[in-house]
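Please look over the chain shown below. A short briefing follows, grouped by topic.

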Amino acid sequence: MRRIMVAGNWKMHGTAEMARSLAGDVLAALPEFPDVDVAVFPPAPYLALLQSLAEGSRLEWGAQTLNPNAEGAYTGEVSGVMLRDLGCRYVLVGHSERRSLFGESDTDVAERFDAASTAGLEPVLCVGETREEREAGRTEEVVERQVDAVLERCGIGRFEQAVLAYEPVWAIGTGLTATPEEAQAVHAFLRSKMARLDGTIGGQIRILYGGSVKASNAADLFAQEDIDGGLVGGASLKAHDFIGICRGASRDG
Ligand code: PEP
């Protein structure tokens with residue numbers, strides 16, 4: 001059975017002090033949900049701090065983006081190799097804020113997925129439709145196009161060490177959440193697509209849901225057959241809320 005994963009995307013929030021305190025609280029709470037895999041995605045300047053606090057524990061960490069080049073004259077950018085040096089297991093690729101605010105196209109996202117997995121990171125590929133696309137009945141077409149761009153460049157085999165995250169854009173940071181049934185339908189669509197290409201990978205790949213996940217809705221979402229956990233933005237910034245989601249994710253609790 002796939003283990004539930006709860007991942008906190010801190011976005012560009014906080015200070016070193018906040019990162020230390022949040023990570024410390026999450027580390028202390030880990031024994032409460034031994035069946036849940038927990039990861040945090042702090043801003044890049046705090047990755048080394050995470051490494052110093054969490055190395056040797058079962059708390060994992062990752063970065064929010066990477067440059068697709070291995071090295072070179074790319075002022076301000078960070079490569080996958082550098083993220084590996086900082087102990088990252090994961091990196092988000094294709095988060096809707098990267099797509100909409102930084103102009104990352106499907107092709108750019110595929111390049112980043114490729115670079116991440118080549119560097120030995122597990123990409124967390126984020127896909128999701130806008131409100132207009134959902135209302136036009138285009139949800140499946142949109143998420144399929146976003147996944148296809150990566151499949152065309154990298155092939156299905158690279159998804160053996162990757163995570164998918166379905167994040168409807170209209171639910172991110174808005175307080176609106178897809179109902180468990182709405183989310184499950186898209187997750188099932190994505191899983192069956194992967195399974196048609198490779199039955200083993202389709203069966204094992206984790207598909208996280210993201211979009212206003214809170215302690216009050218986590219358990220219902222994660223109870224769905226094809227929802228393997230959550231990618232959490234706002235609620236990951238407060239230890240009490242994030243730990244509440246992790247508790248809600250636990251089937252031991
Ligand atoms: C996100 O940023 O990936 C996210 C899901 O944010 P929120 O939980 O705040 O909607």
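**Strand 1 and its surroundings**

Four bridges join strand 1 to strand 8 (residues 229-232), and the two run parallel; strands pair if DSSP finds at least two bridges between them. Helices (H or I, at least four residues) and strands (E, at least two) are DSSP runs, numbered from the N terminus. This is a predicted model, in which local features need pLDDT of at least 70 and side-chain atom pairs count only at pLDDT 80 or more, while totals for chains, interfaces and linings use all residues. Residues are numbered from 1 along each chain as its sequence is written, and side-chain values use heavy atoms, with hydrogens and water left out.

**Pairing of strand 1**
- Together with helix 1 (residues 16-29), strands 1 and 2 form a right-handed β-α-β unit; right-handed means that, with the strands pointing away from the viewer, the path from the first strand over the helix to the second runs clockwise.

**Burial of strand 1**
- Strand 1 (residues 4-9) is largely enclosed by the rest of the structure, because six of its six residues are buried (under 20% relative accessible area, with a 1.4 Å probe and protein chains only).
- Ile4, Val6 and Gly8 are buried on one side, and Met5, Ala7 and Asn9 are buried on the other, so that both faces are covered.

**The barrel**
- Eight strands close into a barrel in the order 1-2-3-4-5-6-7-8, with parallel pairing.
- From one strand to the next, the twist averages 25 degrees (axes are lines fitted to C-alpha atoms, for helices over the stretch in contact, and angles run from 0 to 180 degrees between N-to-C directions).
- Helix 11 (residues 239-249) packs on the sheet and touches strand 1, strand 2 and strand 8, and its direction makes about 165 degrees with that of strand 1; contact means heavy atoms within 4.5 Å.
- Strand 2 and strand 3 (residues 60-63) run parallel and are joined by two bridges.
- Val40 stands opposite Trp61 in strand 3.

**The whole chain**
- The protein chain has eleven helices and eight strands.
- Its C-alpha atoms fill a box of roughly 50 × 45 × 35 Å along the principal axes.
- Of the 253 residues, 53% count as buried.
- Among contacts with a separation of 6 or more, 74% involve residues 24 or more positions apart.

Key: Buried < 20%, exposed > 50% of the residue type's maximum accessible area, 1.4 Å probe, protein only.
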